[in-house]
Amino acid sequence: MGLLITVLEQGMIYGIMALGVYITYKILDFPDLTVDGSFPLGAAVTAIMITKGFSAVLTLPVSFLIGAVVGMLTGLIHVKLKVRDLLSGIIMMTALYTVNLRIAGRANLPFYKEETVFDNSLTQRIFQGNLSGWKTVIVMLLITVIVKILLDGFMQTGAGFLLRAVGDNASIVTAMGQDRGKIKILGLSIANGLVSLSGCLFAQQSRYFEISSGTGTVVIGLASVIIGTSIYEKMDHSGKMPKALYKVRFGVITTSVILGSVLYKGCVALAIQMGLKSTDLKLITAVLLLVILVFSMERKKVKKDA
């Protein structure tokens, strides 16, 4: 039961990060490595705010906003300074390592005795007895649903449709008299805001900030996105998806991405249960992504041949 709880907690936390990676990887077709820096950025901001006595709830919007600013800077480097997308992300990721250290003041900042959004006087009163072990899962589920609804709602607005159009056919955006560069910057801001928010929640769940916590974040996000979109595509092509869901297609995709994150974390937990050490986590992550990529490419090849 403890393993299931951990998988659900971590799966939903990284699921929010995966939503951000989905925006950059699938919608914008932008290989954004900024996320490896914006994830621990959210954790650093959270750790320092909580240790300074700020409300744990307040860290959520603050982390999102500061992550959005970082994403905007990546976009400005790419759009205004004409730096290639991959290099723009690398530049920001490298810079954020120092920024995160400056914010936290050190490489590791624990806050074990402080209140978090998961463990405070209110949650302790509400979740008692058998429910006490599930309080983090339930609170995380509530936060994930709110984030998903807000993102789905935004994508139904005019700006959201333009953002999706940039990835599908950028010339349409230009034909509509819109600046696709600004739309890219907007997308990168939202994506990194979500990643930073995920880092904030991760820090509160683990109760510490660690400078290396962002290493490999983009790999985890990509694996979750590929698993999630594969689930959606399988439902779509098999004809098993109800027609009513096509009206909320983006909402189904975001749900699949979050589910993909939970499944990915489940695979990692299973690998550790089978005897691999926790120190092998990065190797497990790399191997899992490779297997997922190969499997995904094989499926596409079969469909093309058919």
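## Aromatic pairs

Rings of Phe, Tyr and Trp (its six-membered ring) pair if their centres lie within 6.5 Å; planes under 30 degrees apart are stacked, over 60 edge-to-face, and the rest tilted. By that rule, the whole structure, a predicted model, holds 4 aromatic pairs. One of them joins Tyr14 and Phe39. The two rings are stacked, 5.5 Å centre to centre with 15° between the planes. This pair links distant parts of the chain, 25 residues apart: Tyr14 belongs to helix α1 (residues 2-27) and Phe39 to helix α2 (residues 35-51). Helices here are DSSP runs of H or I, at least four residues, numbered from the N terminus.

## Around Tyr14

Ring pairs also bring in Phe202, giving a cluster of Tyr14, Phe39 and Phe202. Tyr14 is buried at 5% relative accessibility, and Phe39 is buried at 0%. Buried means under 20% relative accessible area, exposed over 50%, partly exposed in between (1.4 Å probe, protein chains only).

Lys265 lies over the face of Tyr14, 4.1 Å from the ring centre. The cut-offs for such a charge are NZ of Lys or CZ of Arg within 6 Å of the ring centre and within 35 degrees of the ring normal.

## Met72

Met72 sits in helix α3 (residues 59-79). Met72 is partly exposed, with a relative accessible area of 34%.

## Basis

Residues are numbered from 1 along each chain as its sequence is written, and side-chain values use heavy atoms, without hydrogens or water. Local features need pLDDT of at least 70 and side-chain atom pairs 80 or more, while totals for chains, interfaces and linings use all residues.

Terms used:
Helices (H or I, at least four residues) and strands (E, at least two) are DSSP runs, numbered from the N terminus.
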